[in-house]
Amino acid sequence: MPQTMKFFFAAVLFLAFSGSIGSAEEFRAGNLVILDPWAPPSLGQQRIGAVYFSIRNQGRDPDQLQGIDLPDGGRAMLHNSMMQGGIMHMEMMDVLEIPAGGEAALQPGAMHVMLTGLPGPLLKGSELRLILHFEKTGPVEVMAAIRPRLVNQMPPPMHQEH
Ligand SMILES: [Cu+2]
């Protein structure tokens, strides 16, 4: 194997490994656990972005994510992505239901928090502060890690959509 190829594979292995042991943070409030909030770094100087995380509800009652604030500037909205006629299309969501004893997942190619009007680009290695407003649990502050998507966070195949 040529030396450059060896280096390439070593780098890929390192990325895959470091990704899997990366500190996936969780934030707890009441019956909710917000798992691994993250956002990909901005492309160039873009002031838009997307945040992903899962919300687990350990309670006996459903809860609802009703809005998101960015205390450090910009606007955040709940969006859903879907394929329509071969084109990725996004639409606003008013609320996100988190079923009792269940989980709601935001991930690339599906539901996400859309960021617009950011004060600056999202830089790899930094963090973005968000306040999630839940109907029952109230406001919850989380920090999203700015990092490239992991191999296991690629968009799911369409047949997995419910
Ligand atoms: Cu969007």
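This report walks through the fold, core, strand pairing and selected residues of a predicted model.

**Overall layout**

The chain carries 1 helix and 11 strands. Along the sequence, the order is α-β-β-β-β-β-β-β-β-β-β-β. There are 162 residues in the chain, and buried ones make up 18% of them. Among contacts with a separation of 6 or more, 68% link residues 24 or more positions apart.

**Confidence**

Mean pLDDT for the chain is 85, with 78% of residues at 70 or more. Residues 12-21 fall below 50, and this stretch has 3 contacts in the model beyond near neighbours in sequence. Residues 158-162 also have pLDDT below 50, with 1 contact beyond near neighbours in sequence. Where pLDDT is low, the predicted coordinates should not be read in detail.

**The nonpolar core**

The largest nonpolar core has 23 residues. Ala39, Val51, Leu128, Leu130 and Ala144 have the most contacts inside it. Two or more residues come from each of β2 (32-39), β3 (49-57), β9 (111-116), β10 (127-134) and β11 (138-146). β3 gives the most, with 5 residues. In soluble globular proteins, nonpolar side chains tend to be buried together.

Leu128 shows how these parts meet. Leaving out residues up to four places away in sequence, Leu128 touches Ala39, Val51, Leu122, Ala144 and Ile146.

β10 has two faces. Leu128, Leu130, Leu132 and Phe134 form the covered face. Glu127, Arg129, Ile131 and His133 form the uncovered one.

β10 pairs with β4 in the antiparallel sense over 4 bridges. Here Gly67 has His133 of β10 as its bridge partner. β10 also pairs with β11, again antiparallel, over 8 bridges. In that pairing, Leu130 stands opposite Val142 of β11. A hairpin of 3 residues joins β10 to β11.

**Leu65, on strand β4**

Leu65 lies in β4, which spans residues 63-69. Is Leu65 buried or exposed? Leu65 counts as buried because 23 C-beta neighbours lie inside 10 Å. Beyond four places in sequence, its contacts are Ile55, Leu78, Val95, Leu96, Ile98, Leu132 and Phe134. Leu132 and Phe134 belong to the covered face of β10.

**Met143, on strand β11**

Met143 lies in β11. Met143 has 14 C-beta neighbours inside 10 Å, so it counts as partly exposed. Setting aside residues up to four places away in sequence, Met143 touches Pro37, Glu127 and Arg129. Glu127 and Arg129 are on the uncovered face of β10.

**The β1-β2 end**

Strand β1 (residues 26-29) pairs with β2 in the antiparallel sense over 4 bridges. Arg28 has Val33 of β2 as its bridge partner. The hairpin of β1 and β2 has 2 residues between the strands, and Gly30 there takes a positive phi near 55°.

Further along β2 sits Asp36. Which feature of the backbone sets Asp36 apart from glycine-type cases? Asp36 has a positive phi of about 50° although it is not a glycine. Most residues other than glycine have a negative phi, and most peptide bonds are trans. Asp36 counts as partly exposed because it has 18 C-beta neighbours inside 10 Å.

Pro40 is placed in the loop between β2 and β3. Pro40 is partly exposed because 17 other C-beta atoms lie within 10 Å. Not counting residues up to four places away in sequence, Pro40 touches Pro148 and Arg149.

**Pairs apart in sequence**

The table lists C-alpha separations for three pairs.

| Pair | Separation along the chain | C-alpha to C-alpha |
|---|---|---|
| Leu65 and Leu132 | 67 residues | 6.9 Å |
| Met143 and Leu130 | 13 residues | 6.2 Å |
| Pro40 and Pro108 | 68 residues | 9.8 Å |

**Drawing it together**

β10 pairs with β4 and with β11. Leu128 and Leu130 are among the core residues with the most contacts inside it, and both sit on the covered face of β10.

How values were computed
Residues are numbered from 1 along each chain as its sequence is written. This is a predicted model: local features need pLDDT of at least 70, side-chain atom pairs count only at pLDDT 80 or more; totals for chains, interfaces and linings use all residues. A residue is buried if 20 or more other C-beta atoms lie within 10 Å of its own, exposed if 12 or fewer, and partly exposed in between; C-beta atoms are placed from the backbone. Two residues are in contact if their C-beta atoms, placed from the backbone, lie within 7 Å. A nonpolar core is a set of buried Ala, Val, Leu, Ile, Met, Phe, Trp, Tyr and Cys residues joined through C-beta atoms within 7 Å. Two strands pair if DSSP finds at least two bridges between them. pLDDT is the predictor's confidence in each residue, from 0 to 100.
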